[in-house]
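Here is a short briefing for a first look at this protein. Start with the chain as a whole, then turn to a single position.

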Amino acid sequence: MELYSDEYFMSEALKEARKAFDADEVPVGAVIVAENKIIARAHNYTERLNDVTAHAEMQAITSAANAIGGKYLNDCTLYVTLEPCLMCAGALHWTHITKIVYGATDEKKGFTKINQLVLHPKTSVVKGILENECSTILKDFFITKRK
């Protein structure tokens with residue numbers, strides 16, 4: 001795996017998803033990258049915090065904003081294991097993030113199903129990076145929940 005590639009950074013987001021899995025959270029992980037450096041790492045905290053807004057992306061946005069000392073994530077890329085929901089896509093719009101890269105598509109609640117125009121016009125989107133690995137951890141998690 002090439003250093004600083006989309007696959008490399010998505011593998012880092014998968015490490016966060018595994019932390020969520022181990023904490024009995026829906027296993028979604030995210031990292032935000034600026035200048036080929038990870039400035040934020042996060043995973044879902046909705047159960048632990050009893051907060052429906054504590055998605056991995058929201059946690060990563062807050063952490064990245066703190067890291068750079070500002071609310072705009074210009075020249076940053078979000079890597080997230082699952083396609084962002086409409087809430088997270090709306091928040092990402094306001095950050096002016098340059099690029100979003102996601103692994104697994106969320107057929108039911110993903111923002112592209114509703115309206116991709118929710119993102120900032122300058123934000124580019126790449127989908128399907130390490131899609132199999134990102135989908136598998138989610139499927140494995142929900143299999144354990146349905147037993």
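Among contacts between residues at least 6 apart in sequence, 59% join residues at least 24 apart. The model is predicted.

**Fold and dimensions**
- The protein contains six helices and five strands.
- Their order along the sequence is α-β-β-α-α-β-α-β-α-β-α.
- The radius of gyration is 14 Å, close to the 15 Å that the globule rule gives for 147 residues, so the protein is as compact as a globular protein of that length.
- The C-alpha trace spans about 45 × 35 × 25 Å along its principal axes.

**Burial and surface**
- Of the 147 residues, 47% count as buried.
- The accessible surface is about 8000 Å².
- Carbon and sulfur atoms hold 51% of that surface.

**Charges**
- The protein carries 17 positive and 19 negative charges.

**A closer look at T81**
- T81 sits in strand β3, which covers residues 76-82.
- The relative accessible area of T81 is 0%, so T81 counts as buried, the cut-off being under 20%.
- Neighbours within four places in sequence are left aside in the contacts of T81 that follow.

Terms used. Residues are numbered from 1 along each chain as its sequence is written. This is a predicted model: local features need pLDDT of at least 70, side-chain atom pairs count only at pLDDT 80 or more; totals for chains, interfaces and linings use all residues. Side-chain values use heavy atoms; hydrogens and water are left out. Helices (H or I, at least four residues) and strands (E, at least two) are DSSP runs, numbered from the N terminus. The radius of gyration is taken over C-alpha atoms; the globule rule is 2.2 Å times the number of residues to the power 0.38. Buried means under 20% relative accessible area, exposed over 50%, partly exposed in between (1.4 Å probe, protein chains only). Contact means heavy atoms within 4.5 Å. Accessible areas come from the Shrake-Rupley method with a 1.4 Å probe; for residues, only the protein chains shown count as cover. Lys and Arg count as positive and Asp and Glu as negative; His and the chain ends are not counted. The place of a charge is taken as NZ of Lys, CZ of Arg, CG of Asp or CD of Glu.
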